[in-house]
Amino acid sequence: MVTSDEFYKFLKAKGINFFTGVPDSTFKEVFRLLEQDVATTYIPAVSEDVAIGLAVGGRLGGQFPMVLMQNSGLGVSINALASLATLYKVPILLMIGWRGYQGKDAPEHLIMGESMLNLLQDIGVPYEVLEAESVYDDTERAIAQMETHSIPVALIIRKGILA
Amino acid sequence: MITRSEAIACTLSEITDELVVVANGMISREAFTHHDREANFYMIGSMGLACPIGLGVATAQPHRRVVVLDGDGNVLMNMGTLAMVGELHPANLVHIVFDNEVYGSTGGQRSISDHVRLDKIAGAAGYAQVVRLESTEALRPTVADMLKQDGPSFLLVKVGPENVSGIARVSYPPEIITERFMRAASNQ
């Protein structure tokens with residue numbers, strides 16, 4: 001199983017150098033690494049749509065951005081994805097924690113947990129649901145799709161996928 | 001009171017090689033009409049995100065001066081961004097807000113900035129320089145000064161609520177706006 005530390009190093013090795021977002025407990029270890037890594041840009045955002053705006057600005061300025069969020073933040077981000085990142089063809093990588101997966105979570109996560117993949121599909125944001133045995137391949141595929149089509153692409157991460 | 005259209009024309013006449021992010025609605029249309037250039041990023045949708053985009057560009061390109069042309073409705077929509085600017089404290093960011101106290105692009109419905117001092121909020125959030133202007137004489141010299149001084153700087157310009165006629169829509173497709181801006185941003 002891939003550890004958070006290994007996955008974070010992999011993301012940086014792929015060239016990601018501009019991180020922003022709002023925390024999720026699904027990958028809280030990645031946030032700990034971001035907060036400790038003074039050599040890498042990490043901008044804690046006040047909301048997920050603001051994080052999309054920051055990431056678009058980062059990309060316009062020549063960086064390779066990633067936005068981390070819980071899927072509750074996807075609801076906040078729909079317009080930023082639809083009328084900014086996708087519309088303007090700005091490639092950014094999203095990392096979204098899948099709360100409410102299979103209906104097993106606190107009540108506030110259940111509707112979004114059920115709807116998330118359909119919402120992404122409806123607004124034209126491709127996604128890869130990461131599997132424990134193929135985390136690196138899944139991520140490579142997402143990055144390739146992002147670069148080929150010059151659009152945002154999401155990595156969906158469930159609890160327990162990263163050690 | 002000065003019109004927003006005049007205030008935007010005056011502001012852009014001081015711009016040289018700065019990267020400029022322009023809020024949606026009439027602000028983008030007026031900037032496009034008065035002073036179109038590759039280094040203008042016209043944000044046609046995503047209201048509230050002009051300052052986050054500008055903050056992202058300013059972080060990615062710390063040696064370039066970045067100017068955000070914003071409106072009161074946009075700032076009110078994402079006021080938490082002011083706190084992020086205060087905390088990150090980018091010296092190269094100039095945030096100019098044209099405050100007409102209404103949603104000008106949708107028919108002039110009132111915003112609440114007649115009762116909310118956005119300039120004081122920016123100061124409390126930690127902007128290094130804050131200036132509020134209610135008349136036109138000082139606009140050009142204030143903009144010129146902010147383009148030279150270390151920021152982050154916040155300029156609130158009170159403007160009239162009316163829209164002037166003859167202002168075109170931004171004619172570039174969004175992906176062309178991206179290409180132009182990225183080209184301008186990569187030319188040091």
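This is a predicted model: local features need pLDDT of at least 70, side-chain atom pairs count only at pLDDT 80 or more; totals for chains, interfaces and linings use all residues.
Student: Which exposed residues sit on the face of α7(B) turned away from its buried side?

Tutor: That face carries P141(B) and K148(B), where exposed means that 12 or fewer other C-beta atoms, placed from the backbone, lie within 10 Å of the residue's own, buried that 20 or more do, and partly exposed that the count falls in between. Residues are numbered from 1 along each chain as its sequence is written, and chains are lettered from A and ligands numbered from 1 in the order in which they are written.

Student: Why can the buried residues of α7(B) be said to line one face of the helix?

Tutor: The buried residues of this helix, which spans residues 139-148 of chain B, are L139(B), V143(B) and M146(B). Seen down the helix axis, they fall within an arc of 65°, so they line one face; the arc is that of the directions from the axis to the C-beta atoms. An α-helix has 3.6 residues a turn, so residues three or four places apart point the same way. Among the elements of chain B that cover these buried residues are α1 (4-12), β4 (93-99) and β8 (153-158).

Student: What makes β2 and β7 of chain B edge strands?

Tutor: Six strands of chain B form an open sheet with parallel pairing, in the order β2-β1-β3-β4-β8-β7, and two strands count as paired if DSSP finds at least two bridges between them. By that criterion β2(B) and β7(B) each have a single partner strand, so one side of each is left without a neighbour in the sheet. From one strand to the next the twist averages 15°. Within this sheet, β1(B) and β3(B) pair in the parallel sense over four bridges, and V22(B) stands opposite L69(B) in β3(B).

Student: How do you know the handedness of the β-α-β crossover from β1(A) to β2(A)?

Tutor: β1(A) and β2(A) pair in the parallel sense over four bridges, and G21(A) has P44(A) as its bridge partner in β2(A). The chain passes between them through helix α2 (residues 28-36) of chain A, and the crossover is right-handed, a term for a path from the first strand over the helix to the second that runs clockwise with the strands pointing away from the viewer.

Student: Why does S150(A) count as partly exposed?

Tutor: S150(A) has 14 C-beta neighbours inside 10 Å, so it counts as partly exposed. S150(A) lies in the loop between α6 (135-149) and β6 (153-157) of chain A, and its phi is near 55°, a positive value in a residue other than glycine.

Student: What makes H89(B) partly exposed?

Tutor: H89(B) has 14 other C-beta atoms within 10 Å, which means that it is partly exposed. H89(B) is placed in the loop between α5 (80-88) and β4 of chain B, with a positive phi of about 55° although it is not a glycine.

Student: Which peptide bond involving P152(B) is called cis, and how do you know?

Tutor: The bond from G151(B) to P152(B) is cis, with omega near 5°, and P152(B) lies in the loop between α7 and β8 of chain B.

Terms used. Helices (H or I, at least four residues) and strands (E, at least two) are DSSP runs, numbered from the N terminus. Two residues are in contact if their C-beta atoms, placed from the backbone, lie within 7 Å. Axes are lines fitted to C-alpha atoms, for helices over the stretch in contact, and angles run from 0 to 180 degrees between N-to-C directions.
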